[in-house]
Amino acid sequence: MKKQNQNNEKEKNIFSFLDHASEVVGWLQIVLSLLILGLIIAAVLYFTNPSTLRFFIAFPIGFAGLIVGIVIANKACKSKGTIHAISTEMATPELNTLEDENDRLL
């Protein structure tokens with residue numbers, strides 16, 4: 001009986017580690033996507049006509065992408081989790097309704 005409890009605890013630890021690791025990966029995906037968006041906007045703004053003034057305007061835009069990414073990722077992590085937030089964004093309701101119609105036809 002003791003060995004079975006130890007095996008259950010090991011399985012729970014493995015699953016909790018995998019859950020935590022997937023949440024970290026999801027958090028990083030959210031932060032990096034908004035950071036890259038901010039950096040692209042900043043690069044376009046700066047490289048169209050490079051000057052010191054444009055650099056000082058573009059740098060905070062890129063930095064704001066990082067800050068907004070962190071804030072949104074933390075909100076997603078605290079609400080239902082980052083993986084849930086990413087999966088709802090990637091879900092396509094149009095395809096879900098097609099699957100339901102196909103199930104009714106069968």
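1. Ile-67 lies in helix α2, where helices are DSSP runs of H or I with at least four residues, numbered from the N terminus. At 40% relative accessibility, Ile-67 counts as partly exposed, because buried means under 20% relative accessible area, exposed over 50%, and partly exposed in between, with a 1.4 Å probe and protein chains only.

2. The model is predicted, so that local features need pLDDT of at least 70 and side-chain atom pairs count only at pLDDT 80 or more, while totals for chains, interfaces and linings use all residues. Residues are numbered from 1 along each chain as its sequence is written, and side-chain values use heavy atoms, with hydrogens and water left out.

3. Ile-30, Val-31, Ala-73, Ala-76 and Ile-86 make up the largest nonpolar core, which has 5 residues; such a core is a set of buried Ala, Val, Leu, Ile, Met, Phe, Trp, Tyr and Cys residues joined through side-chain atoms within 4.5 Å. At least two residues of this core come from each of α1 (2-47) and α2 (52-79).

4. Aromatic rings of Phe, Tyr and Trp (its six-membered ring) pair if their centres lie within 6.5 Å, and planes under 30 degrees apart count as stacked, over 60 as edge-to-face and the rest as tilted. The count by this rule comes to 4 aromatic pairs. One of them, Tyr-46 with Phe-55, is edge-to-face, at 6.0 Å centre to centre and 75° between the planes. Phe-55 and Phe-56 also form an edge-to-face pair, with 5.6 Å between centres and 70° between planes.
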